[in-house]
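Here is a briefing for a reader new to this structure. Please look over the sequence and the model before reading on.

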Amino acid sequence: MGAIEHEGYRFEIEYSVLLQKGALHVYRDGELIEEIVFPFHGQKPDEQQIEALVSEYVEQHAHSR
């Protein structure tokens, strides 16, 4: 899984299989603005789960730019 760019944001994914925890690092203009932590099950986070988190974040922050 690589970085996702959407609506001027860059989302970088990091996860630990051992801890079953993932994080989306949210960047704007090269600056880290937020970390979104989430649980997952299995060997890696589900791509649909990641896409849903990205979409939700963009929707919530679309009017604050």
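**Aromatic rings and the core**

Y9, F11 and Y57 form one aromatic cluster. Rings of Phe, Tyr and Trp (its six-membered ring) pair if their centres lie within 6.5 Å; planes under 30 degrees apart count as stacked, over 60 as edge-to-face and the rest as tilted. This is a predicted model: local features need pLDDT of at least 70, side-chain atom pairs count only at pLDDT 80 or more, and totals for chains, interfaces and linings use all residues. Residues are numbered from 1 along each chain as its sequence is written, and side-chain values use heavy atoms, with hydrogens and water left out.

**Aromatic pairs**

- A search of the whole structure finds four aromatic pairs.
- One of them joins F11 and Y57 edge-to-face, at 5.7 Å centre to centre and 85° between the planes.
- This pair links distant parts of the chain: F11 is in strand β2 (residues 9-16) and Y57 in helix α1 (residues 47-61), 46 residues apart. Helices (H or I, at least four residues) and strands (E, at least two) are DSSP runs, numbered from the N terminus.
- Both F11 and Y57 are buried. Buried means under 20% relative accessible area, exposed over 50%, partly exposed in between (1.4 Å probe, protein chains only).
- Y15 and F40 also pair edge-to-face, with 5.6 Å between centres and 90° between planes.
- Y15 lies in strand β2, and F40 in the loop between β4 (31-39) and α1, 25 residues apart.
- Y15 is partly exposed, at 37% relative accessible area. F40 is buried, at 2% relative accessibility.

**A charge over a ring**

- R28 lies over the face of Y9, 4.7 Å from the ring centre. The cut-offs are NZ of Lys or CZ of Arg within 6 Å of the ring centre and within 35 degrees of the ring normal.

**The nonpolar core**

- The largest nonpolar core has 12 residues in all, including Y9, F11, I13, L24 and Y57. Such a core is a set of buried Ala, Val, Leu, Ile, Met, Phe, Trp, Tyr and Cys residues joined through side-chain atoms within 4.5 Å.
- β2, β3, β4 and α1 each give two or more residues to this core.
- The largest share, five residues, comes from α1.

**Around H25**

- H25 is in strand β3 (residues 21-28). H25 counts as buried, at 12% relative accessibility.
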